[in-house]
Amino acid sequence: ARAAPLVAVSTRAGCLHAILVLVTSDEFARQYPHLVELALELLYRLCENVDTCRPILGYLRNHWRDFYCRLLDRGVPAPAGSALEDPSLPHRLMQQGWFLRIIAMEIHVSASTGQSAGGQYCKRVLQALFDSDAAGTGAGPRGGHEDGDIMAAMGIGGLRGGAQR
């Protein structure tokens, strides 16, 4: 008897779609943290290439609208207080590094379009990142900032010409 697959991936879906399905799967991430790390590195390498950057980021933006939120909800970046003896911690920390690089690339590309939609998208991505509750504490990773406070502290609240409070 053959074991059921961890994640169902359509045979009609492309390679990138299959990688994204695996990267966003909680079960796959728990069982294969090293593969998720390598998949996120591959995504970043595709994003840093001048020929593949815009198509990859566009695919993430338009077909995987909650890609960043899915990873944030799963605990990428690794939650504060992760057990140091957890054997997957080094892989989860590397996942965090690749994930943050992808977000930085997304923000750079979206902000450089000069369109208000790009600025609004940047704001949503940053809001999701800084307001995430990966540690389950009820406060964002910066320790309980109200919505938008961290954005204002960075001087980019609203992205329309100054911080808003």
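This note goes through the helices, their packing and a few individual residues of a predicted model.

1. Overall make-up. The secondary structure of the protein comes to eight helices and zero strands, and the order along the sequence is accordingly α-α-α-α-α-α-α-α. Of the 165 residues of the protein, 42% count as buried. Among the contacts in the protein with a separation of 6 or more, 54% are between residues 24 or more positions apart.

2. Helix α3 against helix α6. Two packed helices are described by the angle between their axes and the distance between the axes. For helix α3 (residues 33-48) and helix α6 (residues 89-111), the axes come within 9 Å and cross at roughly 20 degrees; α3 and α6 are therefore roughly parallel to each other, given that angles under 35 degrees count as such. The crossing in which α3 passes α6 is left-handed.

3. Residues between α3 and α6. The α3 side of this contact includes Pro 33, Val 36, Leu 40, Leu 43, Tyr 44 and Cys 47, together with charged residues such as Glu 37, Glu 41, Arg 45 and Glu 48, while the α6 side consists of His 91, Met 94, Gln 95, Trp 98, Arg 101, Ile 102 and Met 105. By class, the residues of the contact of α3 with α6 divide into ten nonpolar, three polar and five charged.

4. Helix α1 against helix α3. The axes of helix α1 (residues 15-23) and α3 come within 10 Å and cross at roughly 135 degrees, and α1 and α3 are therefore oblique to each other. Here, too, the handedness can be stated: α1 passes α3 in a left-handed crossing. From α1 the contact takes Leu 16, Ile 19, Leu 20 and Val 23, and from α3 it takes Val 36, Ala 39, Leu 40, Leu 42 and Leu 43. The contact of α1 with α3 has nine nonpolar residues, with no polar and no charged residues.

5. Helix α1 against helix α4. The axes of α1 and α4 come within 12 Å and cross at roughly 55 degrees, which makes α1 oblique to α4. In this pair α1 passes α4 in a right-handed crossing. Leu 16, His 17 and Leu 20 in α1 meet Ile 56, Tyr 59 and Leu 60 in α4, and these residues divide into five nonpolar, one polar and no charged.

6. Ile 56. This residue is found in helix α4 (residues 53-63) and is buried, with a relative accessible area of 10%. Leaving aside neighbours within four places in sequence, Ile 56 is in contact with Leu 16, Leu 46 and Cys 47. Ile 56 and Leu 16 are 40 residues apart along the chain, and their C-alpha atoms are separated by 8.6 Å.

7. Phe 67. The place of Phe 67 is in helix α5 (residues 67-74), where Phe 67 is buried, with a relative accessible area of 0%. Not counting residues up to four places away in sequence, Phe 67 touches Leu 20, Val 23, Thr 24, Leu 40, Leu 43 and Leu 60.

8. Cysteines. A disulfide is a covalent bond between the sulfur atoms of two cysteines, and the structure holds zero disulfides. Cys 47 is in no disulfide, the nearest cysteine sulfur being that of Cys 53, 5.6 Å away, whereas a disulfide calls for two cysteine sulfur atoms within 2.5 Å. Cys 15, at 61% relative accessibility, counts as exposed, while Cys 47 is buried, with a relative accessible area of 0%.

9. Surroundings of Cys 47. This cysteine is found in helix α3 and, not counting residues up to four places away in sequence, touches Cys 53, Ile 56, Leu 57 and Met 105. Leu 57 is ten residues from Cys 47 in sequence and 6.8 Å from it in space, C-alpha to C-alpha. Met 105 and Cys 47 are also both listed in the contact of α3 with α6.

Key: Residues are numbered from 1 along each chain as its sequence is written. This is a predicted model: local features need pLDDT of at least 70, side-chain atom pairs count only at pLDDT 80 or more; totals for chains, interfaces and linings use all residues. Side-chain values use heavy atoms; hydrogens and water are left out. Axes are lines fitted to C-alpha atoms, for helices over the stretch in contact, and angles run from 0 to 180 degrees between N-to-C directions. Helices (H or I, at least four residues) and strands (E, at least two) are DSSP runs, numbered from the N terminus. Angles under 35 degrees count as roughly parallel, over 145 as roughly antiparallel, 65 to 115 as roughly perpendicular and the rest as oblique. A crossing is left-handed if the near helix is turned anticlockwise from the far one by less than a right angle, and right-handed if clockwise. Contact means heavy atoms within 4.5 Å. Buried means under 20% relative accessible area, exposed over 50%, partly exposed in between (1.4 Å probe, protein chains only).
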